[in-house]
Amino acid sequence: MMPILVFAQTNNEQPQKEGKNFEAKVMEVIDQKEIIRENGSKAIQQNLKLKGLTGQFKNKEIVFQGISDLEVIGAGVYKKGDRVVVDHIKNVNGNDAFYVIDYVRRGYLYLLAGIFGAVIVLIGRWKGIKALLGLGVSFLIIMKYIIPKILAGGNPLTISLIGSFAILAVLIYFTDGWSKKSHLAIISIFFSLVLTLILSIIFTKLARLNGLAQEDAALLVGMGKAAIDFRGLLLAGILIGTLGVLDDGVVSQIEAVEQIKEANPKLSKSQIFRSAFVIGNTHLGAIVNTLFLTYAGASLPLLLLFTLNQSGSFGYATVLNNEAIATEIIRTLVGSVGVALSLPIATFLASYYLSTKKNIT
């Protein structure tokens, strides 16, 4: 018979020492309690019988007593057969303590990644394959260069600028090959990134953002091998987040210039610029909205806070002054300015460079 380990979550035995996570399977929902909060919303607490699947508790049964006077925000509701992540720690008395902290959901992520890859290859064919290869290399640059260097105490801004330029080169040359268009795209994006970086530095300093407003950033305090520059980390995030949108806008704009030139080689540089810029203006609205909606979706709880407090004790001014909200506003606006500036830069360079040989004026 498998050993049974029991932990009852009480006020007197709070976890003190960091332990390790392991995976387990829900064998039985022993008991369940529904809590109704003051605002009418409901929460579920559960006592669960678990079977360890990995680590030192593999094949051992654990009874997790999640029903208590304390409510854990964001606690899941589990059913028999679910795979869950369990946190094992030592409480103040030195006893084993167990918390069910989340579902094991990576299998569904792998499934979605497979669907994503299949769709990209099916629609894009060889170019889709190259795009996936470029994506893989970009991921490796982030995981093997940018993150380790930042954790080792390097300057996040310098590291991310180098890493972003490497990602940029990989993405463009992988998908579009070694060509004049690719060279122009890299030059245009580089100048746009520099302008974005300058704006980011200016306004993060003016607004006195320290980069610790986000909870996930605050959790990194003291965890790296050296002190992390959190303001630099914030700037690096803005830079990398803007890079993807710049790539799309600049490459599309250079392609538009080339198509206009091929359709009518007799057009002057200025005529090509004006025609392509009209296309860019149409595209600009969609790109800026994409950037805004990306950040807005990730910051939806902050937007809810903004809405809830506009008629409360804080008001618009106080909510806007909150560093977390100010950070997202600056991130969105600076990125949008960088995207907007990239279009005339790319259009001008492409109009001049791609039209010189056949231009009759």
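Q: What makes F22, F57 and F98 a cluster?
A: Ring pairs link F22, F57 and F98. Rings of Phe, Tyr and Trp (its six-membered ring) pair if their centres lie within 6.5 Å. By this rule the count comes to eight aromatic pairs. The model is predicted: local features need pLDDT of at least 70, side-chain atom pairs count only at pLDDT 80 or more, and totals for chains, interfaces and linings use all residues. Residues are numbered from 1 along each chain as its sequence is written, and side-chain values use heavy atoms, leaving out hydrogens and water.

Q: Why is the pair of Y173 and W178 called stacked?
A: The centres of Y173 and W178 are 4.8 Å apart, with 25° between the planes. Planes under 30 degrees apart count as stacked, over 60 as edge-to-face and the rest as tilted, so this pair is stacked.

Q: Why is the pair of F190 and F191 called edge-to-face?
A: For F190 and F191 the angle between the planes is 65°, and the centres are 5.9 Å apart. The angle is over 60, so the pair is edge-to-face.

Q: How do you know whether W178 is buried or exposed?
A: W178 has a relative accessible area of 71%. Buried means under 20%, exposed over 50%, and partly exposed in between (1.4 Å probe, protein chains only), so W178 is exposed.

Q: What makes L206 exposed?
A: L206 lies in helix α3. Its relative accessible area is 62%, over 50%, so L206 is exposed.

Key. Helix = DSSP H or I, 4+ residues; strand = E, 2+ residues; numbered from the N terminus.
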